[in-house]
Structure formats: structure tokens, C-alpha cells
Amino acid sequence: MDKIKLGLALLLLIAGIAGFYYLRDSAMVIRVVVVLSGLVLAAVTVWFTVPGKQFYAFSRESSEETKKVVWPSRKETVQTTGIVFAFVLVMAIFLWMVDAGLLLAVKYLMGQEG
């Protein structure tokens, strides 16, 4: 039965999108309402399926888990960002020096000192 409901939800969504294009001569507000109506009806149909209820439970649990996370303070975030930028700068200088050194070595080995 859930497969039928999911199929119906897909058809409702497609109908909303098709209605948007079918009503191309109508006002944009009407076209948007048709799409949103198709979306809402599809969501309500999915709500009454087992996968829909499982998805809702999963999203609720995910939201609760995010509230348990200890987020860094502003000071910690700024310090970490500063460290990352400093590391990137040091790494860029190091790679530039390695590249320049290899270029000089290749020029020396090729006899193109200049």
C-alpha cells in the first residue's frame, strides 16, 4: 500500500509542476500556488506512509542531537580560523620555495643558468 501512496505523491508533485507550465498564461501567483499545492499534497500523502513516518522520526532525532552538540565559542572559532590561514600562508610560501628551487635545479642541469 505504501508504494501506491508514494506513487500517488510523485504524481501529485508532477501534476503541480505540470500545472505551472500548463497555466503559463496565468498570473505568476496562481502558477506558484499550483506548484506549492502539488508539493503540499505530495508531502501529506507521503506523511501517511511508513517511510514518511520513519523520515519524520529521523529528522526529529537529528534535530535533538544537534542541540546536544557543544558548539565552539566565537573566540575559539576566530582562533582556529587564524591558525588555518597562517598554516595556508606558510604552506604557500614553502611550496613556492620548493617550486623555485626545483626550477633553478632544472635550469642548472639543462645548462641554462641565467
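This is a predicted model: local features need pLDDT of at least 70, side-chain atom pairs count only at pLDDT 80 or more; totals for chains, interfaces and linings use all residues.
Reader: Fine. How many helices and strands are there in the chain?

Author: Elements here are DSSP runs, numbered from the N terminus: helices are H or I with at least four residues, strands are E with at least two. The chain has four helices and zero strands, so from the N terminus on you read α-α-α-α. The radius of gyration is 29 Å, well over the 13 Å that the globule rule gives for 114 residues, so the chain is more spread out than a compact globule. That radius is taken over C-alpha atoms, and the rule is 2.2 Å times the number of residues to the power 0.38. Along its principal axes, the C-alpha trace spans about 75 × 45 × 30 Å.

Reader: What percentage of the 114 residues count as buried?

Author: Buried means under 20% relative accessible area, exposed over 50%, and partly exposed in between (1.4 Å probe, protein chains only). By that cut-off, 9% of the 114 residues are buried. Thr45 is a buried case, at 14% relative accessible area, and its place is in helix H2 (residues 28-47).

Reader: Which residues is Thr45 in contact with, leaving aside neighbours within four places in sequence?

Author: Contact means heavy atoms within 4.5 Å. With those neighbours set aside, Thr45 touches Lys5, Leu8, Ala9 and Leu12. Over the whole chain, take the contacts between residues at least 6 apart in sequence: 52% of them join residues at least 24 apart.

Reader: Let's turn to charge. How many positive and negative side chains does the chain have?

Author: Lys and Arg count as positive, Asp and Glu as negative; His and the chain ends are not counted. The place of a charge is NZ of Lys, CZ of Arg, CG of Asp or CD of Glu. There are 11 positive and 8 negative side chains, and the centres of the two sets lie 10 Å apart.

Reader: Which side chains meet in a salt bridge?

Author: Side chains of opposite charge can pair when their charged atoms come close. The cut-off is a side-chain nitrogen of Lys or Arg within 4 Å of a carboxyl oxygen of Asp or Glu. The structure holds one such bridge, and it joins Glu65 and Lys68 at 3.2 Å, N to O.

Reader: Where do Glu65 and Lys68 sit in the helix?

Author: They are three residues apart in helix H3 (residues 50-68), so about one helical turn separates them. Glu65 is partly exposed at 45%, whereas Lys68 counts as exposed at 60%.

Key. Residues are numbered from 1 along each chain as its sequence is written. Side-chain values use heavy atoms; hydrogens and water are left out.
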